[in-house]
Amino acid sequence: MTSRRTETGGRIDRFRTIRFTFDGASYTGHPGDTLASALLASGVSLFGRSFKYHRPRGVLTAGVDEPNALVTVLRGDVREPNVPATMVEIHDGLVAESQNRFPSLSWDIGALNQLAGKLISAGFYYKTFMGPVIGPLQGTRFWMFCEHFIRRAAGLGRAGKAPDTARYENMNAFCDVLVVGSGPAGLMAARTAAEAGKRVILAELDPVLGGSANWSGETIGEVPAADWAAEAIRDLQEFDSVRLLPRTTVWGYYDGNSLVALERVGDHKERFATDEPRHRQWTIRAGSVVLATGALERPLVFPGNDRPGVMLASAAKRYANEFGVLPGDKVAVFTNNDTAYGAALALKNAGARTVLIVDVRADVSADMRAIANELEAELLTGHAVVATEGGKALSGVTVQPFQAATGTASGEARNIHADGLLVSGGWSPAIHLASQAGARPEWDDGLQAFLPPQPTRKWTGAGAFNGAFSTAESIAQGVAAGMAVSGGGGQRFEPPAVVTVAGDPKPAPVLEIRADGKSFVDFQHDVTADDVRLAHREGFVSVEHLKRYTTLGMATDQGKTSNVPGLAIMAAALGKSIPEVGTTRFRPPFAGVSLGSLAAERFGDLRPERLTPMHDWHVEHGATMYSAGLWHRPQIYGDPGETIEQAYVRETRATRGSAGIVDVSTLGKIAVQGPDAAEFLDRVYTNMFSTLPVGKARYGLMLREDGIAFDDGTTWRLGERDFLMTTTTANAGKVMQHLEYFLDVIWPDLKVAVTSVTDQWAGAAIGGPNARKILQSVVTGTPVDDTALPFMGIVHGEIDGVPVMICRLSFSGEMAFEVYCGADWGTHVWEALMQAGKPYGLVPYGLEALGTMRIEKGHVTGAEIDGRTTARDLHLGWMLSKKKPFIGSAMMDREGLIASDRLQLVGIVALDNRPLSGGAHIVEELHEGNPHGSIGYLTACCYSPSLGKYIALALLEGGKARHGKRAFVSDPLRKRFGPVEIVSHHFFDPEGTRMHG
Amino acid sequence: MAEYSALALLKNALTGNKDWKPAWRKPEPKAAYDVIVIGGGGHGLSTAYYLAKEHGVTNVAVLEKGYLGSGNVGRNTTAVRSNYLLPPNTRFYEHSMKLWENLSHDLNYNVMFSQRGVLNLAHSPAQLDDYARRGNSMRHQGVDAELLSVAEISRLIPVMDTSKATRFPVYGGLMQPRAGTARHDAVAWGYARGADRRGVDIVENCEVTGFLRDGDRITGVTTSRGEIRAKKVAVAVAGSTGRVMQLAGIDRLPIESHVLQAFVTESLKPVLDTVVTFGMGHFYVSQSDKGGLVYGGDIDGYNSYAQRGNLPIVQEVMAEMLALFPSLAGVRLLRSWGGVCDMSMDGSPIITTGPLPGMYLNCGWCYGGFKATPASGFCFAHTIARDEPHELNAAFTLDRFHRGILIDEKGQGATPRLH
Amino acid sequence: MASRIGVERLSPLEPVYRSGSHGRFEDGVEVALSEIRPGSIVQVTAWPGEEQSAAAAIRAVTGLNMPDGPGGGVVASDQHAFGIAPGKFIVTVESEGLVAALVNAIPPAMGAVTDLSHGRTIIRIEGPKAEWVLAKFFAIDFALPAFPLGAGRSTSHHDIFAQIQRTGADRFDICVFRSFARSFWKALCHASAEVGYEVQ
Amino acid sequence: MLITCPYCGARDVSEFTYQGDGNRQRPAPNSQDLDAWNDYVYDRLNPAGDHNEIWQHSGGCRTHIRVVRNTLTHEISAVQPVRPETKPSPVKPAGRRGARP
């Protein structure tokens, strides 16, 4: 391959050489090169294969709009697919691969698809693959058989399986003015706002700020534009109140002027710097925004327009001026407007020859003729390119006279040798962010482009974004925008003089040349002009139908080059104007955004862990920790070799036999304080709390407004106006919000403060026949006997020097006490209790034993208070006070909530003495092969050491009436079937003699 | 109109694809119909289709404000499943599943229903039991369901992190093998073509601006294209229910409209052959035939008709995605969009006669509308044609909220954003 | 830390609190992280209309002269306070026993006093990159003009609720729930690594 | 989306919990009017346009606020505390000049 690097020029650092590989072959380039420019410089013309037809493709653009040259970048085993080569900065050791080809880029078997041509036109898959109506392939089978192969043929790059080890971060920023785009307009806007004292962020998606100034070849203020831009950037750097963000794509414009920008911090580095993120996601809350995002050039649609070597004119100019790379030695130009002439001039200055200019316009201005003369190029006005030649690189073009009226070419065809074709179909302002912000673009007939409308949010536009395609105009608009967002403040700059190539950006209204052959509109997705017409023929004529039916604009480039040409073809087919056909509403993101950068610090750390004060003790003492919501709780403290069941049975036996202790710090705890606290609790709970004496606790039940059970727990009256409410672990947050809502919105007259004190207290529940003895041996400052500490009583004392609060209540059914102390002392008190319990064989127990003991007692938890059950379903009807209204009291007696066939809580005993599983169903008659007739399901189950049986709690239709009846457990998922007896949910010590002592 | 087939494709390819005809006509609306269906989305179109096919009611117009399928039928994440806990839901969605299984043939339109399975991941033994309860509920209703072990899941989805080292390790999962995905737009287009072939008028760009009434009775509609009378007016405009019902003077319903965002990555070679949901949050993902990972999570959580969401949900969904697929951090989000969901007060839909005489209402689909498309139309057509609900939608009444006969899968009560 | 009670209080950060320099400190340490272990953290709630009296009571007990207005706060050498919500203040002092003193000073008719001394963990970040690191977590403007010295903000980072007070030109005290403290500390260290950090 | 909490100033929507239609009237606690209760619990105004709604600043000061927000554009035209007696002025930083964004 021949080098296409120019001898001089460009903004690359020719003194340094970078080595990288593409498809396993080694290449070199220079700092400042993109992968695309470096490969082009090395003579590479073939970059990728298209999606459907696997056609060979080169580079069409020099930027974020690239549809063709997609590669996969590898860092070790970590793969990043679908990166435009135009957006990859090369670095030493860069490894890139082409995609969507097998076995190789040059010889791709998928290219056979081209033979199928018209058979696989737009939407073909809707019309076939339905398969036979009868036989083994009926239903969906035939389609799924075909789909298997279609899926493998489709898709672009391959994702890897190696976990990505890079860091991704989020950053919140606030500014008065966010300027998007750092071309001349953006630079001037930023400068003006900065001068006015505003906090400014200037974001630029390219590595170097300056935008078109870096490659326009113009002179601004008597110096080369790039130097002018560099000077402007240096000036901006002087301001403390300005942040410059190169390599940063602003991709989302959300409500409240919140914009999101992806900064590629590390991609251009050989190695990511230690602890530095690869990508940083900026969430920017901007007072106002200046959109100076420029414009994107459009290709023309003609047969063979996808041949490698066909390139946008502006891209060719950029490769020449910015990278010192020539897209060809002998190039042709095909255009509908003047700007391509300037590109040809730039190429001439860089050393390429333009042999031919094909212009669809019947006539062109004297200025353009002069340029053609200067180029020594043949100028064919009123002509069009109707074919291109070459395999994996362009070798020539065919031109024919063009009839503007019909959009077709006819007459004498000529073949002309060229190894590059520069095309220009005019320019589309990059209005994506404005569209995201909710504005509907407006069509401009002169520019043949959608322009941004009046802002609906706090943004203003400047430069080519506004359709102002000259640099002088852009600079003036940038200054004006900067002043506008500064509230008219700031000084007005004297705009510098701009020396540029003459030319009118207004194109002829021609985007397609109708001739035989595949003319591509959406290059990546292989959507042709004929596909658009087929969509029209089949009635898919609205913009959205066109997109969805043909997949036009749905590729990784999101239609940046194809949108307007596609609309133009549809408009012509309909005989309507482009704005009558409509436009697409752009949505985030403007360009692809790494998932890692959106997950940011949560990548690898989805949710924080909540740890109890005794967490480390549990872990050190062999607890298997169990993730319960965000909390970590001991499941069992297993001995070596024990199964889970063996461990919890041992823990349960030890507790019921002598004493056990469990960490209950995760229970929600809410301080309810104030003169109206008791009144408030009366309204919140179904039962009465105003009658609760100080120093006592009471079990309470809350309903939702709709009368369904919500949460339960004990609430302790610590003082006349001071309550400590406990909630279930899972519902702590919801209960808190529930209370706050009522206090703020419904009963603002109540003087009550609610504060989460869950984390203030460490809680240990110690229970069992010897629990009191253990406490007696360790608690000082208060007796804990039955008189001082009756059931539901509360005392204050000390354990080993730490103040504690002890409430005698029981979840396990044993004589039990909840010992609360300041969280920082939790482990100290826990250890003191363990020490004191040693003579009694005190065991720590986990959630499994806790669950076992509560099942034996028939106590309910979230498994039964599941948001569908009522108090009565759970046999808690006795708690519904008739003396007062409470939340839910008005709604709880509706017909649906008192129906006799509701699911009610019962106990279940396995009669075959085999384990039961949570989630098994209960049936009256067993049908293993064809399970049906479920009357309810198990909510919790265990082996009950106290009963010596496998038992469960269940919610069964009309449950209570079934006590004493036989039924069957039916668990087809786990193939567990067998007889059970339906019993009361109070399995163990129903009179509560053990806990009352 | 010509049948679609491989042969037809070949024939047309040979003639340059010049002979294909519009998939449905673009008729001018007539002055009167037997039935007007407001809403040219999936449910409206399927309703019209089944009115014609099952009940012989063909003098039907479907009125669509914008382009056909412009609402949620073209904005969802395409999952089709019937893995519900509560029998009224299980039965209804299973009927839908059965219709899905023959839909491409029925419509002579490939809706690409791909029964690749839906797998709900469980992240604790308790959650696995919870899923087992649902799976067993399905099995007792004759619906397919299986529990998968971690090893089985790991084999099925090698790209997923099933190690114990993660914040929320996978303990197993509930699989419905017959569930899967379908090509959402094709469903709308297939039903439209099917209804059109049976004589239904599908009128696009026809916005209903008011209702014609005779006393309480609804007798037709006023539209941007004139007055149209009808014996029966059916409303199937999920996402816009509040707006349309307000035109009939009903401004309070047990519904809030919320925006739900959906996302798709760039095209990848196949990495995910099934639909997966994450159990420690709200996240679901599948890979389209084109190769993009299609996924979503929670609704944004506030009333909206804007079809655009905000950033917090975007970030939450991506974080959940990477919790399952840590190797995909470098893969890029390509597109996002928003749809407007009718969030009902118990998370289940409404298909009913009324609430006014001459009117029929189909709404409240929450997240679940797409997979319901066939059964919703099937049941709604029955309800319209017979003036009484089909047994499958008998429970989906409007008055069930007031009566307390709720169908609350998630047990969240009247907090729509949590369903 | 020894206390009046005489029993050491165990920090939730204990096993992960590693003194020394970490992260990319070769180029300089740009933030210092530490845990502040005050004797008392107390929340005061004033009933509507009693805000001024409650502020006066806090002043009488602590000497802290609470400024008026939302988010306003005051910093003295060993004690801080700021308004976390309408009628709600959080008061942090070196010594134990603040809750009892405030209960005496604030009668039930004026408001309520809630002891959070064990329930909250205060993490301090200090240094030229403190704002930069915190901006990774919290969507609030940390710039000095927007967040003046002494002022406080109630905010959150996903599941972690935080009350943040600016206690110096480049110093912030972040008050988080104790059960989340270790997770937050680890995340904060991780985020600080980029700029080099020292744990004191 | 940003919501300007009357107490804390403009904050990201992620700090807030939506509590829905702010027009609903809870019947008196001992009211037996089931229709009124049903209306309150189940029926919502759901306008396309300005909507009077309640939010809680749950990730901040935890107070509830009344917000008038347009459901078509998400634009917020009014915010006030739910409790009538708390009317703090919004946080207004003195000046931002010189601060790095």
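In the predicted model, an open sheet of chain A is built from three strands in the order β11-β10-β30, with antiparallel pairing. Its edges are formed by β11 (223–224) and β30 (498–499) of chain A, each of which pairs on one side only. Between β10 (residues 219–220) and β30 of chain A, the antiparallel pairing extends over two bridges. Within this pairing, A:V498 of β30(A) lies opposite A:I220. Strands of a sheet pair through backbone hydrogen bonds, in either the parallel or the antiparallel sense.

Strand pairing also occurs between chains A and B. Strand β33 of chain A (residues 593–594) pairs with strand β17 of chain B (residues 332–344) in the antiparallel sense, and two bridges are found. One residue of this pairing is A:V593, whose bridge partner in β17(B) is B:L333.

The contact between the two chains involves 95 residues of chain A and 88 residues of chain B. On the side of chain A that touches chain B, the element giving the most is helix α3 (residues 141–153) of chain A, which provides six residues. Sorted by class, this side of chain A comprises 38 nonpolar, 31 polar and 26 charged residues.

In chain B, helix α10 spans residues 369–386 and has a kink of about 45 degrees, centred on B:A375. Of the 18 residues of α10(B), 16 are buried, so the helix is largely enclosed by the rest of the structure. Burial is here taken as 20 or more other C-beta atoms within 10 Å of the C-beta atom of the residue. The residue that follows α10(B) is B:D387, and its phi is positive, near 60 degrees.

Chain D contains one helix and seven strands. Of the 101 residues in chain D, 51% are buried. Among the contacts in chain D with a separation of 6 or more, 52% are between residues 24 or more positions apart.

Terms used:
Residues numbered from 1 in each chain as written. Chains lettered and ligands numbered in written order. Predicted model: local features only at pLDDT ≥ 70, side-chain atom pairs only at ≥ 80, totals over all residues. Contact = placed C-beta atoms within 7 Å. Helix = DSSP H or I, 4+ residues; strand = E, 2+ residues; numbered from the N terminus. Nonpolar A, V, L, I, M, F, W, Y, C, P; charged D, E, K, R; others polar. Pairing = 2+ DSSP bridges. Buried ≥ 20, exposed ≤ 12 C-beta atoms within 10 Å, placed from the backbone. Bend = angle between axes of the 7 residues up to and from the residue.
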